[in-house]
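Visitor: I would like to go through the salt bridges and the surface of this protein. Please show it first.

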Amino acid sequence: MTRAALGNDWDSARKICRKYLPLMQANFIESSPLPVKAVLAMMGKIEEVYRLPLVPMRRDTRSKLQRVASEAGLISKAAAPAAESHDFFVYENWTAGPRKIVLHRSSCGQCNHGKGRPAGHDANHAKWHGPYTSLSDARQAAQAIQNVLIRSECKCI
């Protein structure tokens, strides 16, 4: 669009603007960057993973965004909704003295389905718990672990 406008091809620039204007407006149906990440995931460019404070889009706005992206020609067919279930793991470490636990998604590079070995991992002072089918189950299990000083969640959550 910019190249067409700079080349004084105003008809092409307007045509491109009209084609993508609904998509640009749809970027604000939920808080940024949710719509952008959702469309990129629908296109297969990224994995749709959010970390707090972001949460997955509501289904009704996701379907609207999906329709707009399809009409703009970015996706050829309706993409499947984001997967709701992932396996979650809790990493417990007590190398430095007080126990620390971190929640991970199974797709996390550090977690590697509960087999990952983060930097400084010592099998005698750390272990994985899980898998848990939902984040709430993993959080409940993490709360049940005794004598934990630090409880946190990886950015993959």
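Predicted model: local features only at pLDDT ≥ 70, side-chain atom pairs only at ≥ 80, totals over all residues.

Guide: Residues are numbered from 1 along each chain as its sequence is written, and side-chain values use heavy atoms, with hydrogens and water left out.

Visitor: How many salt bridges does the structure hold?
Guide: A salt bridge is a side-chain nitrogen of Lys or Arg within 4 Å of a carboxyl oxygen of Asp or Glu. One of them joins Arg58 and Asp60, with the closest N and O atoms 3.4 Å apart. The number in the structure is five.

Visitor: Which residue forms a salt bridge with Arg99, and is that residue buried or exposed?
Guide: Buried means under 20% relative accessible area, exposed over 50%, and partly exposed in between (1.4 Å probe, protein chains only). Arg99 has 25% and therefore counts as partly exposed. Its partner, 2.7 Å away between the closest N and O atoms, is Glu92. At a relative accessible area of 4%, Glu92 is buried.

Visitor: Which helix holds both Arg14 and Asp11?
Guide: Their side chains meet in a salt bridge at 3.8 Å, N to O. Arg14 is partly exposed at 42%, while Asp11 is exposed at 60%. Helices are DSSP runs (H or I, at least four residues) numbered from the N terminus. The two residues sit three apart, about one turn, in helix H2 (residues 10–26).

Visitor: Where is Ile46?
Guide: Ile46 is partly exposed, with a relative accessible area of 33%. Its place is the loop between helix H3 (34–42) and helix H4 (59–71).
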